[in-house]
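Hello,

Here is the structure we talked about passing on. My notes on what was found in it follow below the entry.

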Amino acid sequence: MKKEIKRLGIFSWVIGSVRRPATLLATLAVSLFLAIAPTVAAQDGSAKSFRLASTTLKSGGRMTKAQVYYGFGCSGENISPELHWQGAPQGTRSFAVVMHDPDAPTGSGWWHWVVFNIPATVTALPEGAGDPKSGLIPEAIQSRTDFGSPGYGGACPPEGHGDHRYQFRVYALKVEQLQLDENAPAAMVAYQINANKLAEAQLEVKFGR
């Protein structure tokens, strides 16, 4: 009986509100939306919530010497940055991470790092994980880059070529594993990634010599 009285009381208040200024009803509608919106967003699990960040690099910033390649005229330390991500969509069964330079004068850019078969339970790569000998991501496979070998290959744009963009991307994949190994060329891995991706997130930095 008390619940019925309470329900009728709320109903009467709403009906009464119709007779009030339209601004009151608008305020009520906005309040209800704001109360519901956070719940909807939290349960969304969509690609829009997927984010990539780094404690080593700042998005929109510059590559540090530690992440620059050693060789080809460059004298960096060739250490892969720390990366972490969140908000992967529902159905994610593994991740892949790549680093690509779209400004390299090759016609197709330059693949600096290719990692796949990262378990869905892993949401970060520590600094230095790009060295396959480090054992920091033992479950994953690091395949050949355009330097010709597996693992992280740092930034090393042609001298006097201006700033290049270095794009780190993490992909949420719908498969647990890509049926490829460490000898797979980057383009083949990229094809398989795009065929199985649910979402992607990017962090971009610049570097030039």
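A residue is called buried under 20% relative accessible area, exposed over 50% and partly exposed in between, using a 1.4 Å probe and protein chains only. By that scale Asp163 is partly exposed, at 42% relative accessibility.

Two notes on the basis. This is a predicted model, in which local features need pLDDT of at least 70 and side-chain atom pairs count only at pLDDT 80 or more, while totals for chains, interfaces and linings use all residues. Residues are numbered from 1 along each chain as its sequence is written, and side-chain values use heavy atoms, with hydrogens and water left out.

Salt bridges

A salt bridge here is a side-chain nitrogen of Lys or Arg within 4 Å of a carboxyl oxygen of Asp or Glu. That rule gives a count of five salt bridges. Asp163 is the partner of Arg62, with 2.9 Å between the closest N and O atoms. The two come from distant parts of the chain, 101 residues apart: Arg62 is in the loop between β1 (51-53) and β2 (70-71), and Asp163 is in the loop between β8 (141-142) and β9. Helices (H or I, at least four residues) and strands (E, at least two) are DSSP runs, numbered from the N terminus. Arg62 is partly exposed, at 47% relative accessibility.

Asp103 and Arg165 form another salt bridge, at 2.8 Å from N to O. Asp103 sits in the loop between β5 and β6 and Arg165 in strand β9, so this pair ties together parts that are 62 residues apart in sequence. Asp103 has 21% relative accessibility and counts as partly exposed; Arg165, with a relative accessible area of 32%, is partly exposed.

Lys197 and Glu200 are joined by a salt bridge of 2.4 Å, N to O. Arg169, Lys197 and Glu200 belong to one network of salt bridges that share partners. Lys197 is partly exposed at 32% relative accessibility, and Glu200 is partly exposed with a relative accessible area of 33%.

Nonpolar cores

A nonpolar core is a set of buried Ala, Val, Leu, Ile, Met, Phe, Trp, Tyr and Cys residues joined through side-chain atoms within 4.5 Å. The largest one has 33 residues, and the members that touch the most others are Met63, Trp85, Val97, Trp113, Ile118 and Phe168. Two or more residues each come from β4 (83-86), β5 (94-101), β6 (110-119), β9 (164-173) and β10 (197-207). The most come from β10, which gives five residues. A second, separate core has 14 residues, including Val98, Phe116, Ala190 and Ile193.

What does Val97 touch, beyond its neighbours within four places in sequence? Its contacts (heavy atoms within 4.5 Å) include Leu83, Trp85, Trp113, Ile118, Leu125 and Val170.

Helix α3

In α3 (residues 186-196), the buried residues are Ala186, Val189, Ala190, Ile193 and Asn196. They lie on the same side of the helix because they cover an arc of only 140° around the axis, where the arc is that of the directions from the helix axis to the C-beta atoms. These buried residues pack against β5, β6, β9 and β10. The face turned away from the buried side carries Ala187 and Tyr191, which are exposed.

Aromatic pairs

Rings of Phe, Tyr and Trp (its six-membered ring) pair if their centres lie within 6.5 Å; planes under 30 degrees apart count as stacked, over 60 as edge-to-face and the rest as tilted. The count by this rule is seven aromatic pairs. Phe50 and Phe95 are stacked, with ring centres 6.3 Å apart and planes at 20°. Phe50 is in the loop between α2 (22-42) and β1, and Phe95 is in strand β5, so the pair ties together parts 45 residues apart in sequence. Phe50 is buried, with a relative accessible area of 3%, and Phe95 is buried at 2% relative accessibility.

Trp113 and Tyr152 make an edge-to-face pair, 5.4 Å centre to centre with 90° between the planes. Trp113 is in strand β6 and Tyr152 in the loop between β8 and β9, 39 residues apart. Trp113 and Tyr152 are both buried. One aromatic cluster is formed by Tyr69, Phe72, Trp110 and Phe147.

Sheet

Two strands pair if DSSP finds at least two bridges between them. An open sheet of three strands runs in the order β1-β4-β7, with antiparallel pairing. Its edge strands are β1 and β7 (124-125), each pairing on one side only. Between β4 and β7 there are two bridges, and His84 stands opposite Ala124 in β7.

Regards
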